[in-house]
Amino acid sequence: MSVAVSSKMNKALRGHYLNLPQGSNVQATYVWIDGTGENLRSKTKTLDCEPHALKDIPVWNFDGSSTAQSEGSNSDMFLIPVRIFRDPFALNPNKLVLCEVLKYNQKPAESNLRRTCSQAMEQARDTHPWFGLEQEYTLLGIDGHPYSWPQNGFPGPQGNEEKNIYFLKSCLTNSLSPIGC
């Protein structure tokens, strides 16, 4: 079975780089939703020590014109950390930092729907709202092709237990429960 080129990684080489010492430095990968409201963006900042709380993660900025979040003038956008997780890709002590995006004037970017949702959830806190989400996902290779699919065709029967286990372990490591309770 042929698979997408991007799904073939040399695990020994990857392991070598992941195991290189990084001293007290920590990679904090900031992740946010871009101007389409659908795509994720990220950039990585090196911190001189491991952050243990949101207050330890600095606000960062970027040029929003490259992410469809602003025009060329006043294109400064701010990444406001809202949650940190252990990074299952770069491994401990590195972190994934989920962010909301503010415009140059400190107002939420149009694609930043998190703030409105957070405010609504706070107002409904006493009612303990639930959301029914079907946890269905597709992992894509760097070429945008579904991970481990044949380059020209469709995969065999569903279920790649190895990747599911990696995904589940990453969730559990970060206290993200797949249980709907």
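**Figure 1. Close-up of Lys-95 and its surroundings in a predicted model.** Counting contacts as heavy atoms within 4.5 Å and skipping residues up to four places away in sequence, Lys-95 touches Val-26, Gln-27, Ala-28, Thr-29, Glu-50, Pro-51, Phe-85, Arg-86 and Asp-87. Lys-95 sits in strand S5; strands (E, at least two residues) and helices (H or I, at least four) are DSSP runs, numbered from the N terminus. Its relative accessible area is 6%, so Lys-95 is buried. For the burial labels, buried means under 20% relative accessible area, exposed means over 50%, and partly exposed is in between (1.4 Å probe, protein chains only). This is a predicted model, so a quick note on cut-offs: local features need pLDDT of at least 70, side-chain atom pairs count only at pLDDT 80 or more, and totals for chains, interfaces and linings use all residues. Residues are numbered from 1 along each chain as its sequence is written, and side-chain values use heavy atoms, with hydrogens and water left out.

**Figure 2. The Glu-50 and Lys-95 pair.** Here the two side chains meet in a salt bridge at 2.9 Å, N to O, a salt bridge being a side-chain nitrogen of Lys or Arg within 4 Å of a carboxyl oxygen of Asp or Glu. Glu-50 belongs to the loop between strand S2 (40–47) and S3, and Lys-95 to strand S5, so this pair ties together parts that are 45 residues apart in sequence. C-alpha to C-alpha, Lys-95 and Glu-50 are 8.5 Å apart. Which end of the pair is buried, and which is partly exposed? Lys-95 counts as buried at 6% relative accessibility, while Glu-50, at 30%, counts as partly exposed.

**Figure 3. Asp-87 in the loop between S4 and S5.** The loop runs between strand S4 (76–86) and strand S5 (95–102), and Asp-87 lies in it. Asp-87 is buried, at 5% relative accessible area. Its side chain reaches the backbone nitrogen of Ala-90 at 3.1 Å. Leaving aside neighbours within four places in sequence, Asp-87 has contacts with Thr-29, Asn-92, Asn-94, Lys-95 and Leu-96. One of these contacts, Asn-92, is joined to Pro-93 by a cis peptide bond, with omega about 5°. Pro-93 is placed in the loop between S4 and S5.

**Figure 4. The largest nonpolar core.** This core has 14 residues, and Tyr-30, Leu-79, Val-97 and Val-101 have the most contacts inside it. Two or more residues each come from strand S1 (26–33), strand S3 (60–63), S4 and S5. The core is a set of buried Ala, Val, Leu, Ile, Met, Phe, Trp, Tyr and Cys residues joined through side-chain atoms within 4.5 Å. Zooming in on Val-97, and again leaving out neighbours within four places in sequence, its contacts are Ala-28, Thr-29, Tyr-30, Val-31, Ile-57, Pro-81, Arg-83 and Ile-84. As background, nonpolar side chains tend to be buried together in soluble globular proteins.

Figure 5. Tyr-17 is part of helix H1 (residues 11–18) and counts as exposed, at 54% relative accessibility.

**Figure 6. Other salt bridges.** The count comes to seven salt bridges. Among them, Asp-56 and Lys-55 meet through their side chains at 3.3 Å, N to O; Asp-56 is partly exposed at 31% relative accessibility, and Lys-55 is exposed at 74%. Glu-110 pairs with Lys-103, their closest N and O atoms being 3.1 Å apart. In that pair, Glu-110 is exposed at 60% relative accessible area, whereas Lys-103 is buried at 19%. Glu-100, Arg-114 and Arg-115 are linked in a salt-bridge network.

**Figure 7. Positive phi at Ala-68 and Gln-106.** Ala-68 has phi near 60°, a positive value in a residue other than glycine. Ala-68 lies in the loop between S3 and S4 and is exposed, with a relative accessible area of 55%. For Gln-106, also not a glycine, phi is near 70°. Gln-106 is placed in the loop between S5 and helix H2 (114–123), and counts as partly exposed at 43% relative accessibility.

Notes. Polar contact = N/O pair within 3.5 Å; in protein donor to acceptor, adjacent residues only side chain to side chain.
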